[in-house]
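I opened my notebook to record what I looked up in this structure.

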Amino acid sequence: MSRQRKGGRRPPAARHPRKKPTMQAILAERGIILATLAGIPKRDRADVEQIVLVAAWRAVRRGLYRPDPKLKPRDALRKWLHGIAWRQASHYFGSAYVRRFILDPQPLGRLRGIVGPDLHAQVEARDLLRAIARLEPRHQEILLAVDAPESLSAFARQRGMSPFTAASRLRIAREALALRLLRWRR
């Protein structure tokens with residue numbers, strides 16, 4: 001193997017002839033791109049799809065699309081687009097934006113007590129909200145109902161249950177939260 005010179009281009013991985021599909025041909029295979037990006041949240045899916053299409057078009061213009069002549073042209077294009085979409089999706093999930101995205105712009109507003117500007121208190125509040133987010137939905141519902149302006153008995157009445165059942169479910173949810181926090185901090 002020869003070493004790459006500084007500023008030089010890599011030789012292409014495949015020694016097949018270059019092909020230049022049109023943008024219409026790439027857009028016609030939009031379904032494979034959307035199927036590959038299905039795990040990305042809807043709010044960001046259109047942006048990542050656009051990144052995939054731009055990356056594919058740039059690669060075609062640079063001559064990097066070299067399909068195997070043994071494959072059908074449409075199958076080769078679909079496999080190639082799937083690879084680009086898969087790599088862009090992995091870049092999306094690895095980005096700091098996704099790893100640190102906070103759904104609630106004011107998570108500290110959900111706490112019952114007064115939280116000052118103390119950084120330690122803010123970190124603890126975020127840890128608590130993360131732990132609540134990892135609980136089962138039924139536990140989340142009862143824990144967040146405690147912070148609502150209505151009473152626990154009004155919460156129980158709205159759901160057709162006894163206030164004692166609601167209190168029992170609240171106790172179980174608090175125990176699950178305490179256990180989650182204990183395990184998380186170890």
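**Entry 1: ground rules.** I am working with a predicted model, where local features need pLDDT of at least 70, side-chain atom pairs count only at pLDDT 80 or more, and totals for chains, interfaces and linings use all residues. Residues are numbered from 1 along each chain as its sequence is written, and side-chain values use heavy atoms, with hydrogens and water left out.

**Entry 2: the whole chain.** How many helices and strands does the protein chain have? I found nine helices and zero strands. Helices (H or I, at least four residues) and strands (E, at least two) are DSSP runs, numbered from the N terminus. Along the sequence the pattern reads α-α-α-α-α-α-α-α-α. The protein chain has 186 residues, and 26% of them count as buried. Buried means under 20% relative accessible area, exposed over 50%, and partly exposed in between (1.4 Å probe, protein chains only). I then looked at contacts, meaning heavy atoms within 4.5 Å. Among contacts with a separation of 6 or more, 66% come from residues 24 or more positions apart.

**Entry 3: α3 against α4.** I picked helix α3 (residues 42–61) and helix α4 (residues 73–94). Their axes come within 9 Å and cross at roughly 130°. That makes α3 oblique to α4. Axes are lines fitted to C-alpha atoms, for helices over the stretch in contact, and angles run from 0 to 180 degrees between N-to-C directions. Angles under 35 degrees count as roughly parallel, over 145 as roughly antiparallel, 65 to 115 as roughly perpendicular, and the rest as oblique.

Which residues meet here? From α3 I listed Arg-43, Asp-44, Val-48, Ile-51, Val-52, Ala-55, Ala-56, Ala-59 and Val-60. They meet Trp-80, Leu-81, Ile-84, Ala-85, Gln-88 and Tyr-92 in α4. By class, this contact has 12 nonpolar, one polar and two charged residues. Ala, Val, Leu, Ile, Met, Phe, Trp, Tyr, Cys and Pro count as nonpolar, Asp, Glu, Lys and Arg as charged, and the others, Gly among them, as polar.

**Entry 4: Asp-44.** Leaving out residues up to four places away in sequence, Asp-44 touches Tyr-92 and Tyr-97.

**Entry 5: Glu-49.** Glu-49 also sits in α3. Glu-49 is buried, because its relative accessible area is 8%. I found a side-chain polar contact of 2.3 Å between Glu-49 and Arg-30. Not counting residues up to four places away, Glu-49 touches Arg-30, Ile-33, Leu-34 and Leu-37.

**Entry 6: Leu-53.** Leu-53 is another residue of α3. With a relative accessible area of 12%, Leu-53 is buried. Not counting residues up to four places away, Leu-53 touches Met-23, Ile-26, Leu-27 and Ile-33. Leu-53 and Leu-27 are 26 residues apart in sequence, but 7.9 Å apart in space, C-alpha to C-alpha.

**Entry 7: Gly-63.** Where is Gly-63? I found Gly-63 in the loop between α3 and α4. At 4% relative accessibility, Gly-63 counts as buried. Gly-63 and Lys-20 are 43 residues apart in sequence and 7.5 Å apart in space, C-alpha to C-alpha.

Methods: Polar contact = N/O pair within 3.5 Å; in protein donor to acceptor, adjacent residues only side chain to side chain.
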